[in-house]
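Please work through the exercises below with the sequence and the structure open beside you, and try each task before reading its solution.

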Amino acid sequence: MEQAPRDPERQLQPAPLEPLGHPDAGLQSAVGEEAEGARDESPGEGTMTENNFWLKKIEISVSEAEKRTGRNAMNMQETYTAYLIETRSVEHTDGQSVLTDSLWRRYSEFELLRNYLLVYYPHIVVPPLPEKRAEFVWHKLSADNMDPDFVERRRIGLENFLLRVASHPILCRDKIFYLFLTQEGNWKETVNETGFQLKADSRLKALNATFRVKNPDKRFTELKHYSDELQSVISHLLRVRARVADRLYGVYKVHGNYGRVFSEWSAIEKEMGDGLQSAGHHMDVYASSIDDILEDEEHYADQLKEYLFYAEALRAVCRKHELMQYDLEMAAQDLASKKQQCEELATGTVRTFSLKGMTTKLFGQETPEQREARIKVLEEQINEGEQQLKSKNLEGREFVKNAWADIERFKEQKNHDLKEALISYAVMQISMCKKGIQVWTNAKECFSKM
């Protein structure tokens, strides 16, 4: 990704549609007594205070998953998986703990939390959730979203999501996130009371902004292009990995035929029998080891998949910027139109075709009093439009500044995580090859003793 310019104010940019990160009033009482001392009592603020910041003092884990059956909104029976979230306080110097809590959440509740964060923090690259259904898997691994192995991997992914949010310098202080971890009942109602769905931008509006923005910011255009390429590269990498894993599975399992042949051969040999039997045992062990190897390998694939989904989070920031740029350009266009109308009324000269001009020609000129009244209304609208445009520009600069700061943070995280994941994957492959060499070395020793 290209280095972002250090001066985020080099051009005027649009403003966010709403103040960033401020959930609606009334959440103070919803947090409950458990959160006393951990909240910022400032009106309208949706963040924790730095001094009493509780996430620095607790550990978060998704410790287990449980298959359940219940009724959905349509009163139809459904089977789903619930995940146990545990928050545990770090032990104090006096050896006592002050907070131990646990509650169950469905995957859909994790989705609700993330959707809320996307709306209230449009300038942040919000961490992605693990996949709801398995993709890019080798064919011997089940893609069923109720498969125990897949549920376990998703449990790890959900825990990673919570830890990503908890470690983010801004998201970690959100009260809705705190309630997600501590308030089991009525949490969804509390989220919906924030009205975040009404603040969400429609897909049609986003699509309209993408094609109609006249002066897009080159930095966000390049970022959007990068996110597309990152997603494409990781998708190809995961497909290659799945094909290699599939073929590797077949090669290992075919080695089981060595074990069967050596065992049958040992039955007709007296002096060579023990050596052949031992060699066959090593081949059987080698053939069966691939199941655990490839299931462990899925862990590294999940690390790559996280950044496959992070690419969409980057695009979400770009889309929000396009929407704000579009709103800004529309406001500027509307202001220019009103100024022209005011000038035409003041001078009595119509420079462009208008319905009002045609009406005047057909039904006669306005009286001076009517014209003065219209000019006064337009001047008020122009003054209001100029203030609004100024506000949008100032807020827009702040959005760009905050967005690039978070993108820089994300880039450092990405470089570190992908480097570690690729190194770990290479180490695993080396270890797998060494085990294969050891198996054949053992077989060689068996043959030597015959």
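The model is predicted, so local features need pLDDT of at least 70 and side-chain atom pairs count only at pLDDT 80 or more, while totals for chains, interfaces and linings use all residues. Residues are numbered from 1 along each chain as its sequence is written, and side-chain values use heavy atoms, with hydrogens and water left out.

**Exercise 1.** Describe where histidine 168 is placed, and state which residues it touches.

*Solution.* Begin with the chain: histidine 168 is in the loop between helix H3 (148–167) and helix H4 (175–182), where helices are DSSP runs of H or I with at least four residues, numbered from the N terminus. Next, consider accessibility: histidine 168 counts as buried because its relative accessibility is 2%, and buried means under 20% relative accessible area, exposed over 50% and partly exposed in between, with a 1.4 Å probe and protein chains only. Then look at the contacts (heavy atoms within 4.5 Å): leaving aside residues up to four places away in sequence, histidine 168 touches Ile124, Asp406 and Arg409. Finally, a polar atom of the side chain of histidine 168 lies 3.3 Å from the backbone nitrogen of leucine 171.

**Exercise 2.** Work out how the pair of phenylalanine 220 and tryptophan 404 is arranged, and then do likewise for tyrosine 258 and phenylalanine 262.

*Solution.* First recall the rule: rings of Phe, Tyr and Trp (its six-membered ring) pair if their centres lie within 6.5 Å, and planes under 30 degrees apart count as stacked, over 60 as edge-to-face and the rest as tilted. By this rule the count comes to 13 aromatic pairs. Phenylalanine 220 and tryptophan 404 form a tilted pair, with 5.5 Å centre to centre and 45° between the planes. Phenylalanine 220 lies in helix H8 and tryptophan 404 in helix H11 (residues 368–448), so this pair ties together parts that are 184 residues apart in sequence; both residues are buried. Tyrosine 258 and phenylalanine 262, by comparison, form a stacked pair, at 6.1 Å centre to centre and 20° between the planes. These two are 4 residues apart in helix H8, so about one helical turn separates them. Tyrosine 258 is partly exposed at 39% relative accessibility, whereas phenylalanine 262 is buried, with a relative accessible area of 12%.

**Exercise 3.** Find the ring that arginine 105 lies over, and the one that arginine 106 lies over.

*Solution.* A charge sits over a ring if NZ of Lys or CZ of Arg is within 6 Å of the ring centre and within 35 degrees of the ring normal. Arginine 105 lies over the face of phenylalanine 180, at 4.9 Å from the ring centre, and arginine 106 over the face of tyrosine 80, at 3.8 Å from the ring centre.

Conventions: Polar contact = N/O pair within 3.5 Å; in protein donor to acceptor, adjacent residues only side chain to side chain.
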